[in-house]
Number of protein chains: 2
Amino acid sequence: MPRVKCTIAYDGARFSGYQVQPNSRTVQEELEKALSVIHKGLDVKVTASGRTDAGVHAKGQVIHFDTPLAIPALRWPSALNSRLPEDIAVKQAEIVSESFHARFSAVGKEYRYKIYQEAVRDPFHRFYACHSPLELDQALMQKAARSLIGTYDFTSFCSAKTEVEDKVRTITKLEVIQHGKEMELQVAGSGFLYNMVRIIAGTLMEVGRGRIAPDCMPDILAGRDRSLAGKTAPAEGLYLWEVFY
Amino acid sequence: MPRVKCTIAYDGARFSGYQVQPNSRTVQEELEKALSVIHKGLDVKVTASGRTDAGVHAKGQVIHFDTPLAIPALRWPSALNSRLPEDIAVKQAEIVSESFHARFSAVGKEYRYKIYQEAVRDPFHRFYACHSPLELDQALMQKAARSLIGTYDFTSFCSAKTEVEDKVRTITKLEVIQHGKEMELQVAGSGFLYNMVRIIAGTLMEVGRGRIAPDCMPDILAGRDRSLAGKTAPAEGLYLWEVFY
């Protein structure tokens with residue numbers, strides 16, 4: 001059976017996250033419903049590179065599924081998009097070998113975290129960026145960010161509930177980019193722990209407000225204690241940007 | 001009684017437009033509800049520079065209201081924002097003289113119309129820009145736009161239902177700006193007829209697709225016939241950007 005890899009985008013505002021759960025609207029459920037229609041009622045299971053939480057967006061999530069249909073790769077996006085709700089779109093599709101797996105073949109991911117700095121809240125950003133009523137010091141944030149690039153135990157930067165044993169991850173890029181009132185954190189790495197990007201974002205925002213000194217970052221890492229880092233930044237600013245294979 | 005002038009922004013996606021109407025969620029109604037709470041049940045009537053239709057956004061709508069309360073201008077935005085829904089925000093307020101009127105004192109307005117050009121629809125733009133699956137020719141559009149700058153009878157560019165007698169208006173600026181896949185039309189003028197900006201946008205998009213030649217614009221104007229111009233572009237791309245006094 002051909003395996004299809006799709007790159008998808010979704011606006012997370014009205015989803016209870018990616019993964020199917022009872023009585024909730026999820027991205028996976030919408031994808032599987034659309035595929036079921038195309039397959040005339042047949043159940044088609046979709047596998048993603050990973051889950052995203054409620055309110056989190058994706059510009060480049062990657063999924064795969066197996067299909068008995070002989071639809072050419074180029075036709076898959078329009079076949080699916082005409083059956084998907086407007087807050088999900090398939091951007092690109094290709095036929096891949098059975099050895100490809102959206103989750104296990106991924107070698108890295110990039111996330112972006114958007115912040116807007118404005119005294120008054122803005123209606124257009126409410127679902128799409130984190131609001132900071134105070135201006136953030138981009139230079140301090142970039143300095144702190146540099147300390148997180150590399151291979152470390154990120155226990156301090158993941159949800160205390162995380163059950164994964166090995167909390168060592170590698171961050172290959174962590175940039176703090178400013179365009180006027182808007183700021184974007186670009187974080188790429190080999191893999192991420194639960195809430196890791198949102199805790200990094202929350203901590204860097206506290207650095208930007210002068211509440212945590214950039215020099216403290218190595219100690220926060222070394223302490224391996226979630227309470228040493230800043231708050232978990234809200235979901236609405238987070239975008240799964242790209243998955244690398 | 002002090003008169004308060006406020007500059008407000010709203011995301012028009014979930015409103016049936018600006019003006020109060022039965023059984024519909026409107027911007028005016030939400031503003032008047034918030035003011036009524038601040039005034040402990042007293043009705044406060046809000047006057048805007050003009051209405052906007054369902055789905056149309058505002059970055060710089062202007063309103064005024066009269067109040068018996070002695071709240072300083074600087075405190076009005078937060079007093080209102082804490083009682084307004086998240087899709088409306090008061091950006092700025094000032095105390096003005098009784099001779100100021102949000103509608104009658106306005107001497108001009110600027111609207112912007114956003115278009116994104118991408119083969120596949122994008123979930124993040126669905127409420128905030130018009131989708132063009134085809135690339136538009138910006139140079140042709142700018143050439144056509146130039147013919148509309150000046151004082152003309154805009155009968156061809158307003159809804160056939162318009163009941164206003166005098167359809168002469170002055171456009172002072174009409175720019176077609178391209179940033180990658182995104183295009184923005186910036187239109188300023190003394191005043192606008194019903195649907196005028198959306199018909200200009202729809203016509204310029206047909207120019208950009210090569211369906212109407214830029215040289216035809218003077219004839220479309222001179223014909224004074226709505227059927228000569230292009231389609232009315234959808235509401236979601238339109239922003240009331242600024243009101244001039």
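**Before you click**

This is a predicted model, so to speak of local features a pLDDT of at least 70 is needed, and side-chain atom pairs count only at pLDDT 80 or more, while totals for chains, interfaces and linings use all residues. Residues are numbered from 1 along each chain as its sequence is written, chains are lettered from A and ligands numbered from 1 in the order in which they are written, and side-chain values use heavy atoms, with hydrogens and water left out.

**Stop 1**

Colour by chain and select the residues in contact (heavy atoms within 4.5 Å).

Now select A:Arg121, A:Phe124 and A:Arg126: they supply 34% of the area that chain A buries against chain B, more than any other three residues.

Next, the polar side of things. There are 16 residue pairs in polar contact between chain A and chain B, both residues at pLDDT 80 or more. A polar contact is a pair of N or O atoms within 3.5 Å; within protein, one must be able to donate a hydrogen and the other to accept it, and residues adjacent in sequence count only if both atoms are side-chain atoms.

Show the secondary structure, with helices (H or I, at least four residues) and strands (E, at least two) taken as DSSP runs and numbered from the N terminus.

**Stop 1: salt bridges between the chains**

How many salt bridges does the rule find across the interface of chain A and chain B? Six, where a salt bridge is a side-chain nitrogen of Lys or Arg within 4 Å of a carboxyl oxygen of Asp or Glu.

Zoom in on B:Arg126 and A:Asp11, whose closest N and O atoms are 2.8 Å apart in a salt bridge. B:Arg126 lies in the loop between β5 (108–117) and β6 (130–132) of chain B and A:Asp11 in the loop between β1 and α1 (27–38) of chain A, so the pair joins two chains. Buried means under 20% relative accessible area, exposed over 50%, and partly exposed in between (1.4 Å probe, protein chains only). On that scale B:Arg126 is buried at 12%, and A:Asp11 is buried at 1%.

Then pick A:Glu118 and B:Lys91, another salt bridge with its closest N and O atoms 2.8 Å apart. A:Glu118 sits in the loop between β5 and β6 of chain A, and B:Lys91 in strand β4 (residues 88–96) of chain B. A:Glu118 is buried at 16% relative accessibility, whereas B:Lys91 is partly exposed at 23%.

**Stop 2: the two domains of chain A**

The domain assignment, which is automatic or from a database, gives domain 1 (3–96) and domain 2 (108–244) of chain A. Of domain 1, 15 residues are in contact with 14 residues of domain 2, and the two domains bury about 1,200 Å² between them, 58% of it on carbon and sulfur atoms. Select A:Asp53, A:His57 and A:Lys59, which lose the most area on the domain 1 side, together 42% of what that side buries.

Between these domains there is one salt bridge; look at A:Arg198 and A:Asp53, which meet in a salt bridge at 3.8 Å, N to O.

**Stop 3: inside chain B**

Bring chain B back and select B:Glu184 and B:Arg112, a salt bridge at 3.2 Å, N to O. B:Glu184 is in strand β9 (residues 182–189) and B:Arg112 in strand β5, 72 residues apart. Both are buried.

Last, select B:Glu30, in helix α1 (residues 27–38) of chain B. B:Glu30 is buried, with a relative accessible area of 10%. Leaving out residues up to four places away in sequence, B:Glu30 touches B:Phe15, B:Arg25, B:Leu84, B:Pro85 and B:Ile88.

Conventions
Buried area is the accessible area (1.4 Å probe) that two parts lose on being put together, summed over both.
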